[in-house]
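Hello,

Here is the structure I promised to pass on. Please open it first, then read the notes below.

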Amino acid sequence: MTSSAAAKPAPPGNITSLLAHHAGRTPAATALIAGDERIDWATLEDRARRAARGLHDLGVRNGDRVALWLPNLPAYIVLYLACCRLGAIAVAVNTRFRSVEVADIVSRSGAVVLACAPGFRRIDFLEILAGIDPAALDRLKAVIAVDTPGAATPTTLPPAIERLRRVSYDDVVGVAPFDRVQGGADSGCNIFTTSGTTRAPKFVLHRQGAILAHSLRVARAFGYATPDMIGMGWLPFCGVYGFNVAVSTLAAGKPLVLFETFEPDEAVRAIATHKPTALFGSDDIVDRLLAAAPKGELAFPSVKFSSYAVFNNALADVIDRADARGLKLIGLYGMSEVQALFSRWRPEQPIDVRRVGGGMPVSPLAHARARDTETGELLPPGRSGEIEL
């Protein structure tokens, strides 16, 4: 296996050096857990190097965009790390998007490669692609097909990708390693989309230095340094919340358990097996976890707190039900523009404080203020206005 594990890694200054740091310090320690597969740090770095070569062979260069339209598979992490090595930009494409949205994101981003999982049993990627006008994907050069267990080989291809070069993920990582590092702290590495509540989603670009700095601060703020910390990766990586949880876990050098999709029974079994000390989710996820948890006084004895995002007003009482079962929920704040986990409350604070989004920023460099939308004047605490971060 070719790896930089034999060399003394430089202090992390970008995503690639972070990966080299962990591969050099603890090469045999587990980085990713996906079902029965365990991927150690040396293997993860080796696959990322090989994937970088595979993407480079497909024509991906510094500053190019690679659209990742994938569930939470190891391939998502590997291809993202490969983009960072090349100085390319990973474009997050939501797995819930339909034809119109996928075409819009891929086209407007100018992506030259699209990675998807056409055999994935829960999402019909080929059917969605069949609804796209080939002209909308005219800048694409290639499609990477990521295989999944039990996937069937498609017999027909949608017109939108018929003309494109098509390669398997196994072929992408089956080449010689790419040893050059072409992406640095100031290189763009992520494009996320905003919610698009008033118009088409806007693009938000983040650079490697910002992703890394925030991930390390999140790891400190949420106690990732504890020896038994392990991340539960059930939030979609295509969203900034799931992505930040995943990368913060890896930034701390801790294992990340991958879930292709969130299934309550599977999640409860994983919690019992791995005994995480912290969980991240939404009100809906917590509600479903509590329903699937074994009956008893404590729902999840190993978990000291769970950070949650509030999306469903009908589940406003979930924090009360969680507290009654020994699961402390803390509200969060974040968005694509400033990344998720921007701020949080603390587990020891009163429940009426913890139940709402907000809290204190995890970064000492972060500031927040509100401005009057009519006069433009800054407002004192307690007054409603347009938030500026």
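**Cysteines and pockets**

Searching the whole structure, which is a predicted model, turned up zero disulfides. A disulfide is a covalent bond between the sulfur atoms of two cysteines. The cut-off is 2.5 Å. C238 is likewise in no disulfide, as its nearest cysteine sulfur is that of C116. C116 is buried, at 3% relative accessible area. C238 is buried too, with a relative accessibility of 9%.

The largest pocket has a volume of about 1600 Å³. It is lined by 49 residues, and N94, G239, V240, Y241 and F311 are the closest to its centre. Elements that each supply at least two lining residues include α9 (240-251), α11 (283-292) and β13 (305-309). β14 provides the largest share of this lining, five residues. By class, the lining has 24 nonpolar, 17 polar and eight charged residues.

The second largest pocket holds about 710 Å³ of space. Its lining has 30 residues, and those closest to the centre are A34, G35, L73, P74 and E260. β1 (30-34), α3 (74-86), α7 (169-172), β11 (256-258) and α10 (264-274) each supply at least two of the lining residues. α10 gives the most, with five. This lining divides into 14 nonpolar, seven polar and nine charged residues.

Best wishes

Terms used: Residues are numbered from 1 along each chain as its sequence is written. This is a predicted model: local features need pLDDT of at least 70, side-chain atom pairs count only at pLDDT 80 or more; totals for chains, interfaces and linings use all residues. Side-chain values use heavy atoms; hydrogens and water are left out. Buried means under 20% relative accessible area, exposed over 50%, partly exposed in between (1.4 Å probe, protein chains only). On a 1 Å grid over the protein atoms alone, a cavity is a set of points where a 1.4 Å probe fits but cannot get out, and a pocket is an open set with protein on both sides within 12 Å along at least five of seven lines; lining residues have an atom within 4 Å of a point. Grid points are joined across faces, edges and corners, and a volume is the space filled by probe spheres set on the points. Helices (H or I, at least four residues) and strands (E, at least two) are DSSP runs, numbered from the N terminus. Ala, Val, Leu, Ile, Met, Phe, Trp, Tyr, Cys and Pro count as nonpolar, Asp, Glu, Lys and Arg as charged, and the others, Gly among them, as polar.
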